[in-house]
Amino acid sequence: MSEKKEPSVWEGFKTFLLRGNVVDLAVAVVIGAAFTNIVNSVVKGIINPLVGAIGTKNLDHYSSCLSSSCEGEQGIQILWGSVLGAALSFVITAAVVYFLMVLPMAKYLARVEARRKAKEGAQEVIEVTELEVLKEIRDALVAQRGSGSGHDR
């Protein structure tokens, strides 16, 4: 009787690392880090000045006071400007990523898939045509044998 040997921890780790998912994930992290600089530059150089033209670039100064006096560090302040600034930064960053990366990539992948399906459909038509020709040849051979000299078998 042969015993099935369990893979070692090292072999399991090598298998895990060599799977495509880990390599794809590592590439995605590196590309994501590089792409972060592009997105931050677009937000800082284009979007923030446009928002600044309407209001202010720095929303951190906006707050509300919950106590009777909010002089300096005294009192209870709600820093709603910081929260609004972070939310706007997130929405702007998400919009830049969507419109500059996700949407064009989705359109590109849809075109590639449409071409692949068209090519696959043409290949299927060719295969069907070949099958029909082969059936016709088979039917002609059967008919030829049937009307032949009669000394089969």
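Which side chains meet in a salt bridge at 2.7 Å, N to O? They are those of R116 and E120.

## Basis of the model

This is a predicted model, in which local features need pLDDT of at least 70, side-chain atom pairs count only at pLDDT 80 or more, and totals for chains, interfaces and linings use all residues. Residues are numbered from 1 along each chain as its sequence is written, and side-chain values use heavy atoms, with hydrogens and water left out.

## Salt bridges

A salt bridge is taken as a side-chain nitrogen of Lys or Arg within 4 Å of a carboxyl oxygen of Asp or Glu. By this rule there are three salt bridges. R116 and E120 are four residues apart in helix α3, so about one helical turn separates them. R116 also pairs with E113, where the closest N and O atoms are 2.4 Å apart. E113 and R116 lie three residues apart in helix α3, again about one turn.

Accessibility is classed as buried (under 20% relative accessible area), exposed (over 50%) or partly exposed (in between), with a 1.4 Å probe and protein chains only. E113 is partly exposed at 32%, R116 is partly exposed at 40%, and E120 is partly exposed at 47%. A further salt bridge links D139 and R138 at 3.1 Å, N to O. D139 has 43% relative accessibility and R138 has 47%, so both count as partly exposed.

## Nonpolar core

The largest nonpolar core has six residues: F35, V39, V42, V43, I92 and V96. Such a core is a set of buried Ala, Val, Leu, Ile, Met, Phe, Trp, Tyr and Cys residues joined through side-chain atoms within 4.5 Å. Helices α2 (20-54) and α3 (80-146) each supply at least two of the core residues, and α2 has the largest share, with four. Helices (H or I, at least four residues) and strands (E, at least two) are DSSP runs numbered from the N terminus.

## Annotated segments

An unreviewed UniProt entry lists residues 21-39 and 78-101 as "transmembrane region"; annotations of this kind may be inferred rather than shown by experiment. In the model, residues 21-39 are 100% helix and 0% strand, with the end C-alpha atoms 25 Å apart. Residues 78-101 are 92% helix and 4% strand, and their end C-alpha atoms are 36 Å apart.

## Nonpolar surface patch

Y62, L66, I76, I78, W80, L84 and L88 form a nonpolar surface patch with about 660 Å² of accessible area together. Patch residues have over 30% relative accessible area and no salt bridge; like charges are joined within 9 Å, and nonpolar side chains (Val, Leu, Ile, Met, Phe, Trp, Tyr) within 5 Å. The areas come from the Shrake-Rupley method with a 1.4 Å probe, and for residues only the protein chains shown count as cover.

Helix α3 gives the most to the patch, with three residues. I78 lies in strand β2 (residues 77-78) and is partly exposed at 39% relative accessibility.

## Aromatic pairs

There are two aromatic pairs. Rings of Phe, Tyr and Trp (its six-membered ring) pair if their centres lie within 6.5 Å; planes under 30 degrees apart count as stacked, over 60 as edge-to-face and the rest as tilted.

W10 and F13 have ring centres 6.0 Å apart and planes at 40°, so this pair is tilted. Both lie in helix α1 (residues 9-18), three residues apart. W10 is exposed at 57%, whereas F13 is partly exposed at 41%. Y98 and F99 form an edge-to-face pair, 5.1 Å centre to centre with 80° between the planes. Y98 is partly exposed at 38%, and F99 is exposed at 52%.
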